[in-house]
Amino acid sequence: MAGAKLSPRQKMIGMMYLVLTALLALNISKEVLNGFVKVENSLIKTQVTIAEKVNDTFSTLKAKYLNNQEKVGPFYSKAEEVTADAEEIITYISMLKARCMSASEKTMQEQEELGYSGYYGKDELGRDTVLNLEHISIKDEYMALTAFMVGSDPHTPVGASDDWYANTKSVTDWRTEGQWNAKSLRNILERFREDLLNIKVVDIDGYERTLPENLKNSLNKRFSFEKEVENGVDVLWEAANFYDVPLAAVMPLMSKMIIDVQDAEAEILTWLLGGIEAKSLKFSEVMPLVIPQSNYIIKGDTARANILLAAFDPTRVPEVYVETEKWDGVDSSEIDYSALEALPVDAIGNGQLSMSTRGMKLGQYQYRGVIRYQGPEGDMQSQNFVTPIFTVAEAALVVSPTKMNVFYRGLDNPVDISVPGVANDKLRVSISSGHKIRKQPDGSYIVEPSSSNSNKIANISVKGEMPDGTIADLGRKEFRVKRIPDPVPFWSGKRPSNRTITKNEVLSFAPLAAKMENFDFDVKVRVKSFTIRVSKDGTFKELTSGNNRLTTDMKALLERVRRGNTIYFEDIVVGLPDGTERILAPMKLKVTS
């Protein structure tokens, strides 16, 4: 049975929590706090899913027990103990979450009398429920929460003495003695881990069964409470996770602890179930399992998964094959494994899938395969399987310079839109009324802002299709809509900031141009008309052109200028792509030689 490594769900949850915690360290913004709410909601859904799986496994154990109490009794009895302990711990953590919320909102005195019913309860199935984090107004509160969970000194967390914890066997004692804090939480989980590690079952034949090393390693990794390093200093687990940590981060962390308890319970129950028939494995009941190390893969990384039989006989090593072409989700034809290369299989029957994503397009991938094994009569049997969906995505670094969120009227404004974990072809992008957005062949988008000067804000909204077919709101981003800045006139290499010009430069008779300075868009500006005024001997001569070129009269006038004369370019009218006409700043150039 596999279990020495962290499960894909554990890795995914851990990565989500670490990313949000890192963002939180940068700035506690509304978006970050809402991100924690989404993680918390996702973890709660995962809890329900695991609870259903645990219930199914326990129900199977119970059915076997009712059918053969003598044989199954030792395994079923131990399963009852494990399930009772797990449920008691889950209830404790749920009630502790409720107290954390109450502490942050400073309602503990009134809630104490109400049994914290404002934050904690049971659903219609009798499962523990806690008030959703999204209903808490001060998600970034940490001072009262720190005082409640750790106290004022991170080096000496509040809680009972070590001897008290060592001599207290029941979680009920923690609750009745009012031990609600991070130190008690750690001790409860450590006690649960040690109880599981020391499980022993004596079967009907008198054979003593203990947990295999891979399961023990899994439990030790899952329930590790070593000191952590912060800024080069060792910090107690309690302080690292609950000292000066806001409520929005604490709630998902504790939800993950519930999932850890559920996962451990599920692993033990599965081991107990397998132990009943360990000596007489019936391959007719075997189902292939595909366990991905990660479903969300950054492009350039490698998709990895373990493919194994639910029960494994070390004398009958399976053969595992996976097709190299992406499955279309429809093809159900027989798999020709003779043309495929068998995957390497480790000592406990795991087929090691390793598939590079280099050269793959972004999106979702799923593959078919076949697992071949020796049946009870010695003949080779086959069962087909499909891998979970792998999502190949770009690395998701998001930097948002909010002051520069601007669209310009009259221009095609390019925009890249992506959501980590959701394929681009599953996104549904829209923009607020008056503006237009269109998707490009390469997956990027072009925004055409409204031409109306009164429509100064554009909101891009994104929805996404989830794996279960539901449509989720993935958020929106606000942009300001501005007109294109005024261009700058140029003539013979001179601009308004220049003050002098030579006679030779004047006689180049260059056309008058206008350019966008320090503007990242490629904007073509056309001069529609301008006026030249020449100051000579105290008098002015004024001429006008109906385009960007000097007229014959202008050239004749400029040929007669000499040192000390001043040339003025005024009333410079240009047309811009947004349909507007602008009058540009005048230019004043004194002839120097």
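Two strands pair if DSSP finds at least two bridges between them. Strands (E, at least two residues) and helices (H or I, at least four) are DSSP runs, numbered from the N terminus. The model is predicted, so local features need pLDDT of at least 70, side-chain atom pairs count only at pLDDT 80 or more, and totals for chains, interfaces and linings use all residues. Residues are numbered from 1 along each chain as its sequence is written, and side-chain values use heavy atoms, with hydrogens and water left out.

Start with strand β26. β26 pairs with strand β27 (residues 539-545) over 7 bridges, in the antiparallel sense. Here Ile532 stands opposite Leu543 in β27. The two strands form a hairpin with 2 residues between them. In that turn, Asp537 has a positive phi of about 55°. β26 is also joined to strand β28 (residues 566-575) by 8 bridges, and these strands run antiparallel. Arg526 has Gly575 as its bridge partner in β28. Of the 11 residues of β26, 8 are buried. Buried means under 20% relative accessible area, exposed over 50%, and partly exposed in between (1.4 Å probe, protein chains only).

Now turn to helix α8 (residues 182-197). α8 is mostly covered, with 14 of its 16 residues buried.

Next come the rings. Rings of Phe, Tyr and Trp (its six-membered ring) pair if their centres lie within 6.5 Å; planes under 30 degrees apart count as stacked, over 60 as edge-to-face and the rest as tilted. The structure holds 17 aromatic pairs. One of them is Tyr92 with Trp180, a stacked pair at 4.8 Å centre to centre, with 5° between the planes. Tyr92 lies in helix α3 (residues 69-104) and Trp180 in the loop between α7 (171-176) and α8, so the pair ties together parts that are 88 residues apart in sequence. Both residues, Tyr92 and Trp180, are buried.

Tyr408 and Phe519 meet in another way. Their ring centres are 4.9 Å apart and their planes stand at 80°, so the pair is edge-to-face. Tyr408 is buried, at 17% relative accessible area. Phe519 is buried too, at 14%.

Charges also sit over rings, if NZ of Lys or CZ of Arg is within 6 Å of the ring centre and within 35 degrees of the ring normal. Arg99 lies over the face of Trp180, at 3.9 Å from the ring centre. Lys515 lies over the face of Phe490, at 5.0 Å.
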